[in-house]
Amino acid sequence: MKNRELEKLQKVIEYTFNNLEVLITALTHKSRAAESGFKSYNERMEFLGDSILSAVVADALYKKYPEETEGKLSQLKSQIVSAHNLSDWAKLINLGDFIFLGRSEDSKEARNREGLLCDTFEAVCGAIYIDGGFENAQKFILKFLDEQKEIEITDYKSRLQEASQSDCKELPKYKIIKEFGPDHDKKFEAAVYIKNMLLGKGTGHSKKEAQQEAAREALEHIKKGNS
């Protein structure tokens, strides 16, 4: 990737890096590092960025909703920092176009993959924090949060259970099919089945979040089937 492209990304995110290598690391997927012999790739920054995101979002919600309970605030935060929502934020800045992928991984479909976009967005948050401190990282994150439409708490698992009981007279069954990532940043992939038919998959930083994402995908599958 030429410096011209990196300059373009910095204009889009409205932050100019003092050390461009920090940004390059944030954009480097481990497949590219393995292929090119690089020692640095973005998993550690992703871990850091995840924590920075959580802190900024928690602070913003605490101030915005002074009357809400801890449970409601936790639900709101969980939806905001979910892989689905963060990948949407990444798409707003066309982040997928700037990721360094290995040749074996590189495709248009891969660059639009929810997990990859979410992870890279978190890494960019971590990179801005490393390069410019908490205030700059906070400014970057709040730009997206301030533009977010009013958040409606959606319990996808409850909605899927209602739909399944109504249409199939059977409860959905969830299974954790994969655990991946380093111990300090473990992620889970869940699948949901109705009558032994796979209807959705989802990933998350917890088993609960992964199950919610799987239920969301299953509801979309059911909606398409009924349309």
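Glu 213 is buried, with a relative accessible area of 5% (buried means under 20% relative accessible area, exposed over 50% and partly exposed in between, for a 1.4 Å probe and protein chains only). The structure is a predicted model, in which local features need pLDDT of at least 70 and side-chain atom pairs count only at pLDDT 80 or more, whereas totals for chains, interfaces and linings use all residues. Residues are numbered from 1 along each chain as its sequence is written, and side-chain values use heavy atoms, with hydrogens and water left out.

Glu 213 belongs to helix 11 (residues 207-226); helices (H or I, at least four residues) and strands (E, at least two) are DSSP runs, numbered from the N terminus. A polar contact at 3.2 Å joins the side chain of Glu 213 to the side chain of Arg 216. Such a contact is a pair of N or O atoms within 3.5 Å; within protein, one must be able to donate a hydrogen and the other to accept it, and residues adjacent in sequence count only if both atoms are side-chain atoms. With neighbours within four places in sequence set aside, Glu 213 is in contact (heavy atoms within 4.5 Å) with Ser 82, His 84, Glu 114, Lys 201, Gly 202 and Thr 203.

Two of these partners, His 84 and Glu 114, also take part in the contact between helix 6 and helix 8. Two packed helices are described by the angle between their axes and the distance between the axes. For helix 6 (residues 83-92) and helix 8 (residues 114-132), the angle is about 75° and the axes are 8 Å apart. Axes are lines fitted to C-alpha atoms, for helices over the stretch in contact, and angles run from 0 to 180 degrees between N-to-C directions. Helix 6 and helix 8 are therefore roughly perpendicular (65 to 115 degrees; under 35 counts as roughly parallel, over 145 as roughly antiparallel and the rest as oblique). Helix 6 contributes Ala 83, His 84, Leu 86, Ser 87, Trp 89, Ala 90 and Lys 91, and helix 8 contributes Glu 114, Leu 117, Cys 118, Phe 121 and Glu 122. By class, the contact of helix 6 with helix 8 has seven nonpolar, two polar and three charged residues; Ala, Val, Leu, Ile, Met, Phe, Trp, Tyr, Cys and Pro count as nonpolar, Asp, Glu, Lys and Arg as charged, and the others, Gly among them, as polar. Gly 115 lies in helix 8 and is partly exposed at 24% relative accessibility.

On the helix 4 side, the residues are Met 45, Glu 46, Leu 48, Gly 49, Asp 50, Ile 52 and Leu 53; they meet Asp 119, Phe 121, Glu 122, Ala 123, Cys 125, Gly 126, Ala 127, Tyr 129 and Ile 130 of helix 8. The contact of helix 4 with helix 8 has 10 nonpolar, two polar and four charged residues.

Phe 121 is buried, with a relative accessible area of 0%, and Phe 144 is likewise buried at 4%. The ring centres of Phe 121 and Phe 144 are 5.2 Å apart and the planes stand at 85°, so the pair is edge-to-face. Rings of Phe, Tyr and Trp (its six-membered ring) pair if their centres lie within 6.5 Å; planes under 30 degrees apart count as stacked, over 60 as edge-to-face and the rest as tilted. The pair links helix 8 to helix 9 (residues 134-147), across 23 residues of sequence. Ring pairs join Trp 89, Phe 121, Phe 140 and Phe 144 into a cluster.

Thr 120, also in helix 8, is buried with a relative accessible area of 0%. The side chain of Thr 120 reaches the backbone oxygen of Leu 116 at 2.8 Å. Beyond four places in sequence, Thr 120 touches Ala 26, Leu 27, Asn 42, Leu 95 and Ile 99. Ala 26 and Leu 27 are among the buried residues of helix 2, together with Val 22, Leu 23 and Thr 25.
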